[in-house]
Amino acid sequence: MLEVSGVSAGYGRAEVLWDIDLTVKEKEIVALVGPNGAGKTTLLRALSGMVATTAGSISFRGTTVQGRSIEQIVDLGISHVPEGRRLFPGLTVRDNLRLGGWRVKNTDIDRVVEMFPRLGERLGQVAGSMSGGEQQMCAIGRGLMSRPELMMIDELSLGLAPVVVEEIAERLPDIAADGTSILLVEQDVDTALTVAERAYVLETGRIVLSGKAGELLADPRVQESYLGIG
Ligand code: ATP
């Protein structure tokens, strides 16, 4: 469904990503892990049209993504839940969700409330007054409102307690099974490799390891560098 092939990208003359190959298939959860500054966010930005690529190709369902506007990429079925959630803190949960559906004229929030019942109880609450976990649910919910076929989530776990991360992460398989594949960027490698089916490890702008998540979880290089084992 998503095919990234030989992609390089960066900011101005500063190259950040080199020769990235990555795929996401239908209904799949794929994790992208790696240390601070490896380029994970930059790759998501390239996929959603916020950063230009300097080499390679990105295609989604056979359509070239490069050269399209952010809005056109949303129309293709790709949604981006940014690092730090970026909600409108003064707007209610309901309005934040509706903004996510604006582009595709979707005002039906039932699917999101079904996924995250906690949001259903707080639709009239201003988003900025919710807990970090509830805000992340709202950000993911907003991302779902465009009915994407691929949702990219940047740092789901940022600033959240492990039990809250787990509560949210355990919803991801349902979202994927429902027809929205997920590309999950995470510094919490343990969580990412537990919830994902496949994963890529990005270090200083290059993919250095990839494979089934379970195999990477057992890989001594991953255990040593990312899980504090060994
Ligand atoms: P983190 O988890 O810390 O966000 P990351 O893997 O997502 O790390 P990126 O945010 O993609 O990494 O950053 C990769 C590199 O690109 C870093 O060296 C960073 O300083 C640089 N970079 C990020 N954003 C910009 C920008 N707007 N302009 C110039 N350089 C940038």
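On a 1 Å grid over the protein atoms alone, a pocket is an open set of points where a 1.4 Å probe fits, with protein on both sides within 12 Å along at least five of seven lines, and its lining residues have an atom within 4 Å of a point. The model on your screen is predicted, so local features need pLDDT of at least 70 and side-chain atom pairs count only at pLDDT 80 or more, while totals for chains, interfaces and linings use all residues. Residues are numbered from 1 along each chain as its sequence is written, and side-chain values use heavy atoms, with hydrogens and water left out.

Begin with the second largest pocket by selecting Pro-162, Val-165, Glu-166, Ala-169, Glu-170, Pro-173, Asp-188, Thr-191, Thr-194 and Val-195, which line it. Helix H7 (162-169), a DSSP run of H or I with at least four residues, gives the most to this lining, with four residues.

Next, select Ile-70, Val-74, His-80, Pro-82 and Arg-142, which among the 25 residues lining the largest pocket are the closest to its centre. The lining of the largest pocket takes two or more residues from each of several elements, including helix H2 (70-76) and helix H6 (132-144).

Finally, select the ligand, which 14 residues surround, each with a heavy atom within 4 Å of it. Helix H1 (residues 40-47) gives the most to this shell, with four residues. Look for polar contacts, pairs of N or O atoms within 3.5 Å: an oxygen atom of the ligand is 2.8 Å from a polar backbone atom of Gly-39, and an oxygen atom of the ligand is 2.5 Å from an N or O atom in the side chain of Thr-42.

Methods. Polar contact = N/O pair within 3.5 Å; in protein donor to acceptor, adjacent residues only side chain to side chain.
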